[in-house]
Amino acid sequence: RNGVIKRRFLFMMLAIAGVISSMIGLSLWRPDPNMWLSENFSTAIRNAQPLGHHNFVGGYGLLLLPIVTSFAITLKAWRRYAGLLGVALTTIALYVSGSRGALFGLLVLGIISILLGLILSNKKARCRWGIAGFSFAFVMSLALFSNPRVRTLFSTVPAVDKDKTSVVAVSDGPTKERIFMIESAANILKEKPLLGVGPGNLSRVYNIYRPLEAGPGLNLVQQLHNTPIQIAAELGVLGLSAYIALLAVFFKLCISLQKQVMSKCDRVLLCGIGASWTVYSISSLSDYQLENIGISTALLISLSLLVNMADTYILAGNYKSEAGILLSFSVKARRISSISVLILLCASFQLWTRVDVGLYLAHSAIRDTYEVDYVNADAKWVKASRLVPWDPTYSALAAESVLKISKPLESDKNASDKDRKELNTLAIDYLKDTIQAAPNDPWFNQNLATLLLKEDAQAAEAYAKQAVRLSPRSDTNYTYSTL
């Protein structure tokens, strides 16, 4: 009984979190007519609040929309109308995010829901589902074509010969870039098929695998904007297999639960969780969002609700598959898996502690720089870079800070050459730490080559050559060869 109450409470809180997040995002949104009328990519409709990026907002809204809808269905009387208002707010927040991946997921969600309604309903209800289908098609058409980023997705090139058909091509920059990112992942898997480049390492080595066809763009990519492709690039075939296995086990568990005798509320919750993971899995083909805390937390909570329902219905009913295998973990197996997860969390805790302390020190160092307290700022940059040696950010910011201090000394006749040389040496040391953390960044190599030119011409030449190798090939940056 307590398990059922806790499950429904967690179900309610997850739905409320989605509605509140949508309300906050809409309250911070500042609409402008150019968002719909302009064909400019930069001014097109998008709302990054409250998660910081419009794709995160769209993905989070799409993930929680089925949860909010299923929760509204379980309510009665006036509470159901309040729940439907929450559904409307979540849908509007998803639309104004401007995320095309989220809109595509919403389209898939509507199509699947209407098709299931038409198939499973009786003749009388089938007519209402048909009307709902036409209404949904009309509303989605308006939503899609009112978004300038959707309208400019394809371009039609008229044929020269009247007898030949026109050519429709992808004209959207981000869409083309995603195609190049897939090619980059393929290049990674050719060289490191089993384990990939390692978790978190993609941004450091991406330039090595970037396709030449990408031209001058895509030279500092942080992620591949596709969840399975990102996992394959960083974790290899083993990681991708684990991801596919997780989805397979998830949907297998949903099917097993669907065969059980369940309460109405739990069955609606099951449908909501299944729909949520289905449409988000489809939408995640256009972006990678697992680093977002809100989205990853929502996925974890919905998975916990599903496992809790399995404990209640499958274990309680001693459900067996057609092969006669008990679909559950033994107490010993659960204990071992729990201990393994606990060990993993403890191991990662010290990493995240170092990351958090590094962020705090960096923020404090920036504040000291504004207050012209360069000594304390420098000490904090050093501590941050030593705490998180794999992150080039802190040593790069420290080098930038030192260069800002040394710049006025270049024109100051009273400044000694010794001071200039010490500051230049300090900046060089910081940039060497930066390159040690991110050796495949062209800008770090170029900056270090520039600083070393007067100190050590031979070392400067080596870093300059590396910068040229890592820089995109184009007609506008051929001057890199003169470094």
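Visitor: How many residues does the largest nonpolar core have, and which have the most contacts inside it?
Guide: This is a predicted model. Its largest nonpolar core has 51 residues, and those with the most contacts inside this core are Leu257, Ile273 and Met309.

Visitor: Which elements give two or more residues to this core?
Guide: They are helix 1 (2-28), helix 3 (54-74), helix 4 (78-96), helix 5 (100-120), helix 6 (123-145), helix 10 (227-258), helix 11 (264-283) and helix 12 (293-315).

Visitor: And which helix gives the most?
Guide: That is helix 3, with 10 residues in this core.

Visitor: Back to Leu257, then. What is it in contact with, leaving aside its neighbours within four places in sequence?
Guide: Leu257 is in contact with Met262, Leu270, Leu306, Met309, Ala310, Tyr313 and Ile314. One of these, Met309, is also among the residues with the most contacts inside the core.

Visitor: What about a second core: how many residues does it have?
Guide: The second core is separate and has 24 residues, including Leu361, Trp381, Ala399 and Ala460. As a general point, nonpolar side chains in soluble globular proteins tend to be buried together.

Visitor: Changing topic, how many helices and strands are there in the protein?
Guide: The protein has 18 helices and two strands.

Visitor: What share of the residues count as buried?
Guide: Of the 483 residues, 39% count as buried. As for the surface, the protein exposes about 27600 Å², and carbon and sulfur atoms supply 66% of that area.

Visitor: Among contacts between residues at least 6 apart in sequence, what share join residues at least 24 apart?
Guide: The share is 65%.

Visitor: Now the rings. How many aromatic pairs are there?
Guide: The count comes to four aromatic pairs. In one of them, the ring centres of Trp29 and Trp36 are 5.9 Å apart and the planes stand at 75 degrees. The pair is therefore edge-to-face, because planes over 60 degrees apart count that way.

Visitor: Is Trp29 buried or exposed?
Guide: Trp29 has a relative accessible area of 16%, so this residue is buried. Trp36, at 26% relative accessibility, counts as partly exposed.

Visitor: What kind of pair do Phe250 and Phe251 form?
Guide: Phe250 and Phe251 form an edge-to-face pair, at 5.1 Å centre to centre with 85 degrees between the planes. Phe250 counts as buried at 2% relative accessibility, whereas Phe251 counts as partly exposed at 29%.

Visitor: Which residues form a cluster with Phe250?
Guide: Phe250 forms one aromatic cluster with Phe251 and Trp277.

How values were computed. Residues numbered from 1 in each chain as written. Predicted model: local features only at pLDDT ≥ 70, side-chain atom pairs only at ≥ 80, totals over all residues. Heavy atoms only, no water. Core = buried A, V, L, I, M, F, W, Y, C linked by side-chain atoms within 4.5 Å. Buried < 20%, exposed > 50% of the residue type's maximum accessible area, 1.4 Å probe, protein only. Helix = DSSP H or I, 4+ residues; strand = E, 2+ residues; numbered from the N terminus. Contact = heavy atoms within 4.5 Å. Areas by Shrake-Rupley, 256 points an atom, 1.4 Å probe, with all protein chains shown as cover. Phe/Tyr/Trp six-rings, centres within 6.5 Å; stacked < 30°, edge-to-face > 60°.
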